[in-house]
Structure formats: C-alpha cells, structure tokens
Amino acid sequence: MSKANETEVGSARVKRGMAEMLKGGVIMDVVNVEQAKIAEDAGAVAVMALERVPADIRAQGGVSRMSDPDMIEKIQAAVSIPVMAKVRIGHFAEAQILETLNVDYIDESEVLTPADYEHHINKWNFTIPFVCGATNLGEALRRISEGAAMIRSKGEAGTGDVSNATTHMRKIGGEIRRLTSMREEELYVAAKELQAPYALVKEVAESGKLPVVLFTAGGIATPADAAMMMQLGADGVFIGSGIFKSGDAAKRAAACVKATTYYSDAKIVADASRGLGEAMVGISVADIPAPHRLAERGW
Amino acid sequence: MALQGDFREHLLAFQDLEIEGNLVKTASEISKVDALVIPGGESTTISKLAKSFGLLDLISERIASGMPAFGTCAGMILLSNSIVDPASSQDVFGGIDMQVRRNAFGRQTESFEADLDFQAIGEEPFRGVFIRAPWVEKFAPEVEILASIESGGIQRSVAVRQGSILATAFHPELTGDRRIHNYFLNEVCGK
C-alpha cells in the first residue's frame, strides 16, 4: 500500500496537468457569487475571481490590484469548479497571499497594473500553478522558463474586439511552425531572436507545440469568436468582460461553452449564436491610444 | 469522448499501443464505438454538455448493455452511480456501483504524484498523478479495488473495476507508462 510520505505536491507534471484538464473549456471572469454560479451552471471549466472585469478597469481607470481575499473565498465556497485569481505582474507578495487562500491557479496578468516593469514572478517558488499572457512565442517561452504552467494569448482585454487575440494566436502558431522547419544549428540564432532559452526553443522545434497548454484571451465576446480561436489552435478560451457585460449572461455563457466544444461544427455554433440578446458594446482596439493597450504590458 | 478535457492524451496513449482511437462528440459517433474512454477534465462541464446534446441516456444505455468504458478522474466521477455533494444538476452516466467524492484530496495546492501498488498490471509501482482528484467513498461487493492510497490515515480506493468498466482517480494518460491503458485493452475489453 502506498504511503503519503512518498507523495510529491507542486511538481511540474501536477501543475501543467491541471491545465490539461481545462482543455476544450471556457474560463469565465466573475465578480461575485451570483455570476460564479451562472458560470458553473453554464458549464464553465473554471472561474476567474476578480473585483472588476477588464471593461470596467478600462472605463474606470486607476490602479488595479489583486482582489479582496474575502471576495475570493466567497466564490470558492459557492462553486465546486476550479477558482483562479489574478495578481499584478511581478507582485510576488500578492501571489503568496493567493497561495494561502488555496486558489487553484494564479493569473499573473497584464489586465492589472504591473508592480514590476522589469521582472515577472519566479513562479518555480510556488506550489500553486501560474498562467501568464503572451503575444508571441518568445514571450510565452520566457514565461515558461520562469515557471508558468499554462499560457494564454493576451488579445486586448476588455474590448470585445477579437482582432488582437487573432493576431497573437496566429503569431504564436506561426513562430512554432517556423521553428519546426529549421535545421538544428539554426535554432541557436532563433533562440537569440526570440529572446528565449535554447532548451525550450529546441523542445518546441521537436514537438511542434508549446510544452504547456495554450489558451486564448482578450476580446472574445461571441460563440463565433470562441469557435474561431479554437480553429486557430487554442486549447480553450478565457472570456472576461464578454459574458457579464452582455444582455443575457446565462444564455451567452452556455452558448460559448457549446461553441468551444463543437467549434468545427458550424451548424451547432450557428444554433448557439441564436437569440443571445445584446453582445457587449465594446471598443475597437484601433481606437485605444497605444499607452492604454494592456497587451503591451509584459517583458 | 472529446467533449472537454485531456482526450488527446488518451488518444496518444492508445497510439503507443498501436490502437487508433477516434475522438467522438456526437450521438451518431458515440453510437458506433466499440469502447468509450471518458477523459480527465471538469466533470460538471462534461456532464452538462452531454445532457444538452442528448448524449446522457445514449451513453448510460450503451454502458449498461456492456460496452467497455474507461474513465480517469472526471471520467471516474461520471462512471460512478452516485456522487457525494454533487454540483447543482450534475448527472452521471453510471455503471460502477459506487459513490465517489469530488475534489476529495483538496484543491490544486494539494494535488500530488505518488507511487501506487497496482498488482493487476505488475509488481512495479505505477506513478499516479492526482489532480483535484476524487476518491471512492462507498462501493458494492461486486466492485473490484485495484489500487488504493493512504490519506489522513485512511486507505482510499483510487482504481476500480466492475465487469467491463475501469476507472481511476488519477491520470495514467499524463505519464508515459502505458500499462493501465494496456490493461484496459487486453483485460477489460478482451481486445
């Protein structure tokens, strides 16, 4: 019989494996217990507990930080699916707090105001797994080398404009395909150009994929958006403002879950798209002045 | 079954054993398979999707009529006849006469790996990867316990078989060790 003292917590396999279980699913931003229950009932694979969705952060401005532990604990008590929460880029003390709360995943997120403009968190120091945003392959591999166990393409959060999510998914996918066609000696220069560790670049070149799960995020607002991201190679989707900033949140949430599973069946996605009421109004990324674009946070 | 979760890892495991599986997610696809694997994932999500696309009764009936099935983690939950504290309106396919507890070992910070004594596949221990894993709370005499692990001083059953249905609380698809997939093919399905 196996004994507990042979066990190992927080291994890379356990952290990355947790993200494997989320694949093909939708992770929804929620700001209270009521929304968390709607998300769970709609079939979300996890919820992201935060005080303001990105659209409100964008509208209200100011410094945006980790959520109140009381609010996170209320959501943990209300649902049985995994609960994630965000910390500011580089803010390892916020991450230490979330670890004591036993959230299931930490998002070191550009949606919050960065706490460090040079360094990200050393994520190997934690038992709890991290997801980080990336706009390209080099950024994704830098985050993985710091210990991220899951990557999400950034898109432009809080806009309802899917164009940046598309750009980032195509970019990451394209750069991976380019690596797979290179000769071995060319990978050294590729690593230099990507500003990423050679060992990880070589691993991606050989396997043709990231060593961790790749979700997409930022601007996804409709079942069609979710289906497009899945067809572009995402393992799953984060939907932030898109659900609870729309007319019928419960219906839209369930519709996005169906479209994410049956992404290649246009008839099911069409049925899921019917009668959802008003989508979030949103804002075009082109209308946001460059200093206010969240995707550019991360180094 | 490819509604949600790590179904591709199961497909790869069977490929290593030279079996070409199919990813199935519609009623017509599921009605044609010889055996069904229910992967790790989020059991509430899989259950809700199965219900809204009319797969619940189909799968329950096929399992009841003897189709071999193999479930890991969320799959074990869905193959159990009942759940302790289920999420609201969470349905199961059933098949194994047992009751399971979801997230029994705790949240993600308590997720772990451990060596398991699994005599049905050989003397060498099997590395079990447990991620927000369930355990078997109660089971009928017909249920065969294949592996268990100590937690809080109590032995908890984490691999079970009843007839043509196999379920593990851990994820053999996440390790390179294919002995449990091989056991399913050769012993449970009889190939």
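User: By class, what does the lining of the largest cavity in this predicted model consist of?

Analyst: A cavity is taken on a 1 Å grid over the protein atoms alone, as a set of points where a 1.4 Å probe fits but cannot get out; a pocket is an open set with protein on both sides within 12 Å along at least five of seven lines, and lining residues have an atom within 4 Å of a point. Ala, Val, Leu, Ile, Met, Phe, Trp, Tyr, Cys and Pro count as nonpolar, Asp, Glu, Lys and Arg as charged, and the others, Gly among them, as polar. On that basis the lining of the largest cavity has nine nonpolar, seven polar and six charged residues.

User: What ipTM and pTM does the model score?

Analyst: This is a predicted model, in which local features need pLDDT of at least 70 and side-chain atom pairs count only at pLDDT 80 or more, while totals for chains, interfaces and linings use all residues. Residues are numbered from 1 along each chain as its sequence is written, chains are lettered from A and ligands numbered from 1 in the order in which they are written, and side-chain values use heavy atoms, with hydrogens and water left out. The scores are ipTM 0.94 and pTM 0.95.

User: What pLDDT does chain B average?

Analyst: pLDDT is the predictor's confidence in each residue, from 0 to 100. In chain B, 99% of the residues score at least 70, and the chain averages 96.

User: Which elements give two or more residues to the lining of the largest cavity?

Analyst: Grid points are joined across faces, edges and corners, and a volume is the space filled by probe spheres set on the points; the largest cavity comes to about 190 Å³. Its lining counts 22 residues, with A:Asp29, A:Ala157, A:Ala217, A:Gly218 and A:Gly240 closest to the centre. Helices (H or I, at least four residues) and strands (E, at least two) are DSSP runs, numbered from the N terminus. The elements that give two or more residues are, in chain A, strand S9 (237-239) and helix H11 (241-244).

User: Which element gives the most to the lining of the largest pocket?

Analyst: The largest pocket holds about 1,200 Å³ of space, and of its 48 lining residues A:Glu20, A:Lys23, A:Lys209, A:Asp235 and B:Glu9 lie nearest the centre. Both chains supply elements with at least two residues in this lining, including helix H1 (12-20) and helix H9 (198-207) of chain A and helix H1 (7-16) of chain B. The lining divides into 20 nonpolar, 13 polar and 15 charged residues. With five residues, the element that gives the most is H7(A).

User: Which element gives the most to the lining of the second largest pocket?

Analyst: The second largest pocket has a volume of about 580 Å³. Among its 24 lining residues, B:Ile19, B:Glu20, B:Gly21, B:Asn22 and B:Ala35 are the closest to the centre. In chain B, H1, strand S1 (36-38) and helix H6 (179-188) give two or more residues each. The most, four residues, comes from H1(B).

User: Within what arc do the buried residues of H9(A) fall?

Analyst: Buried means under 20% relative accessible area, exposed over 50%, and partly exposed in between (1.4 Å probe, protein chains only). A:Leu200, A:Val201, A:Val204 and A:Ala205 of H9(A) are buried. These buried residues line one face of the helix, because seen down its axis, by the directions from the helix axis to the C-beta atoms, they fall within an arc of 140°.

User: Which residues are exposed on the other side of H9(A)?

Analyst: An α-helix has 3.6 residues a turn, so residues three or four places apart point the same way. On the other side of H9(A), the exposed residues are A:Ala199 and A:Glu206.

User: What is the bridge partner of A:Met150 in S8(A)?

Analyst: Strand S7 (residues 150-153) of chain A pairs with S8(A) in the parallel sense over four bridges. In S8(A), A:Val213 and A:Phe215 point one way, A:Leu214 and A:Thr216 the other way, and all are buried. The bridge partner of A:Met150 is A:Val213.

Definitions and conventions
Two strands pair if DSSP finds at least two bridges between them.
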